[in-house]
Amino acid sequence: MILIIGSTGLLGLTVTQQLLASGHKVRAVVRTQEKAAELKHLGAEIVIGDLIDKPSIMRACQGIDQIFTAVHSLVGAGKYKSEYVDDLGHRTLIDAAKAMGISHFVYTSILGASPNHPVDFWRTKYNIEEYLKTSGLSYTILRPSAYMELHAHIFNGKSILESGKTSLLGKGTKPRNFIAVRDVAQFVILALTDPNLKNRTIEIGGLHNFTNNQVSELYGKFANISPKINHMPPFVAKGLSVILKPFQPGISRIMYMGSLSDDAFSETFDPTKLLIAFPMQLTTLEEFIHERIIEKKNNSSLV
């Protein structure tokens, strides 16, 4: 039995669907039953649980062989702010896995996680990696780059397709790497099924690097739109970061990231070594954008 934490999120849902389709037994942790209707229909065992609720996590781990966690709280606030979910919550989960004698733990970290990163979220991810490594559990740590679904589409191209314009934090000139969630899911499945991936940290990224401005331009090009691209100046983002931090720490974190210079930390990735070790087809950003345009046209035709 495989326990999935974050089973209704982008990556967790994709992995859960694929595992169930291939015949694996899956227990999906959800905060409310309403969120789990699709997974229950597909055959997942549903349990109510929350990383900030230790007793529910202990119950969820009973009778489990492996754990995969894809949940994070980058923009969380209140009881779900990052230090409660990404840090304390994952320490609780690792401790529960160890207490229950779970055989393998697959953790979703982030590309560039390090102890001295300028953004606290990356430092937290690194600290949990280290906590997992020293726990005595068998583990696989995956470090994906930015998801196309979020960082290329939701935060950028979606509004171009809908309104012909988009708003970007900062200058939009920093090269970044983007990867499709379905490609990350391939590595998660491998981590859960291939013993050769045990006790390894694997950095994962897409085929090419693009700036946010280039992403906007690609959406415009493929949709035959001349997009209007607005930029929030870094000094404005920095000011908002300070103002929002006491009551919206997650949004404050995003604003702070937008205020940093292009060379504050790298978000690029060279997939050469990855594809030598794991020969597979990866989704290009161009393919992904074409899919979103077709999807938009199909949805419009249904209205």
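In α4, residues S82, D86, D87, H90, R91, I94 and D95 meet F121, T124, N127, I128, Y131 and L132 of α5, where contact means heavy atoms within 4.5 Å. By class, this contact of α4 with α5 holds five nonpolar, four polar and four charged residues; Ala, Val, Leu, Ile, Met, Phe, Trp, Tyr, Cys and Pro count as nonpolar, Asp, Glu, Lys and Arg as charged, and the others, Gly among them, as polar. Helices (H or I, at least four residues) are DSSP runs, numbered from the N terminus. The structure is a predicted model, in which local features need pLDDT of at least 70 and side-chain atom pairs count only at pLDDT 80 or more, while totals for chains, interfaces and linings use all residues. Residues are numbered from 1 along each chain as its sequence is written, and side-chain values use heavy atoms, with hydrogens and water left out.

The axes of α4 and α5 lie 10 Å apart, at an angle of about 5 degrees. Axes are lines fitted to C-alpha atoms, for helices over the stretch in contact, and angles run from 0 to 180 degrees between N-to-C directions. The two helices α4 and α5 are therefore roughly parallel to each other (angles under 35 degrees count as roughly parallel, over 145 as roughly antiparallel, 65 to 115 as roughly perpendicular and the rest as oblique).

Next comes another partner of α4. Helix α3 (residues 54-61) packs on helix α4 (residues 82-99) at an angle of about 40 degrees, with axes 9 Å apart. That makes α3 oblique to α4. Here K54, I57, M58 and C61 of α3 meet T92, L93, A96, A97 and A99 of α4. Seven nonpolar residues, one polar and one charged make up this contact of α3 with α4.

What about the spaces in the model? On a 1 Å grid over the protein atoms alone, a cavity is a set of points where a 1.4 Å probe fits but cannot get out, and a pocket is an open set with protein on both sides within 12 Å along at least five of seven lines; lining residues have an atom within 4 Å of a point. The second largest pocket is lined by 14 residues, with D120, K245, P249, S252 and R253 nearest its centre. Its lining divides into six nonpolar, two polar and six charged residues, and the largest share, four residues, comes from α10.

The largest cavity is lined by M148, F178, G206, L207, H208, F210, T283, T284 and L285. Five of these lining residues are nonpolar, four are polar and none is charged.
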